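Have the sequence and the 3D view side by side as you read.

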Amino acid sequence: MTNQEIIEGNRLIAEFMGKKFLNQQEYAKETGCPEEEIIYMPICNCFYHSDWNEIMPVVEKIESIKDDYHGKFQIFINSNQCIIQSINIFKKRKNDYYFNEYTLGSKIESTYMAVVKFIEWYNKQTKHE
């Protein structure tokens with residue numbers, strides 16, 4: 001993953017978790033501090049991509065989602081693989097069932113990518129409701 005992919009993924013997750021995520025320009029505007037005076041402003045103090053203490057609350061939030069259309073979602077993390085799927089497998093309509101599997105270099109990397117892809121998909125689904 002590139003740094004830009006990590007930043008965008010962390011932004012997506014932070015917003016999903018209801019956190020405010022500011023880049024340098026947004027920080028300057030919100031605080032009134034001139035942008036040129038900001039010596040160091042981390043784009044994200046999020047470490048979803050590398051810290052289990054940060055990614056696990058996201059996993060728990062996904063597993064707590066329940067809607068009439070997709071049912072609930074389960075996340076299976078094993079070795080260097082992460083699978084997210086909806087439980088509602090008995091409906092026959094298209095797109096009722098969600099399945100996403102990532103097998104990458106490490107367990108946290110696989111979990112992070114599966115979570116990012118799930119949130120992208122989920123955001124598209126909820127915009128159409």
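## Ground rules

This is a predicted model, in which local features need pLDDT of at least 70 and side-chain atom pairs count only at pLDDT 80 or more, while totals for chains, interfaces and linings use all residues. Residues are numbered from 1 along each chain as its sequence is written, and side-chain values use heavy atoms, with hydrogens and water left out.

## The sheet

Let's start with the strands (DSSP runs of E, at least two residues, numbered from the N terminus, as are helices, which are runs of H or I with at least four residues). An open sheet is built from 4 strands in the order β1-β2-β3-β4, with antiparallel pairing; two strands pair if DSSP finds at least two bridges between them. β1 (66-67) and β4 (99-103) are at the edges with a single partner strand each, so one side of each has no neighbour in the sheet.

Walking across the sheet, β1 and β2 share 2 bridges, and Lys 66 has Lys 72 in β2 as its bridge partner. A hairpin with 3 residues links these two strands, β1 and β2. Between β2 and β3 there are 6 bridges, with Ile 75 partnered by Ile 84 in β3. Their hairpin has 2 residues between the strands, and Ser 79 in the turn has a positive phi of about 55 degrees. Finally, β3 (residues 81-86) pairs with β4 over 5 bridges, where Ile 83 stands opposite Glu 101 in β4.

## Helices on the sheet

Helix α3 (residues 52-64) packs on the sheet and touches β1, β2 (71-78) and β3, its direction making about 145 degrees with that of β2. Contact here means heavy atoms within 4.5 Å. Helix α4 lies across β1, β2, β3 and β4 and runs at about 150 degrees to β4. Angles run from 0 to 180 degrees between N-to-C directions, with axes being lines fitted to C-alpha atoms, for helices over the stretch in contact.

## An aromatic pair

Rings of Phe, Tyr and Trp (its six-membered ring) pair if their centres lie within 6.5 Å; planes under 30 degrees apart are stacked, over 60 edge-to-face, and the rest tilted. The count comes to 5 aromatic pairs. One of them is Phe 73 with Trp 121, edge-to-face at 6.0 Å centre to centre and 75 degrees between the planes. Phe 73 is in strand β2 and Trp 121 in helix α4, so this pair ties together parts 48 residues apart in sequence.

## The largest pocket

A pocket is an open set of points on a 1 Å grid over the protein atoms alone where a 1.4 Å probe fits, with protein on both sides within 12 Å along at least five of seven lines; lining residues have an atom within 4 Å of a point. Its lining includes Met 1, Arg 11, Tyr 112 and Lys 117. The elements giving two or more residues to this lining are α1 (3-16) and α4 (107-127), and α1 gives the most, with 6 residues.
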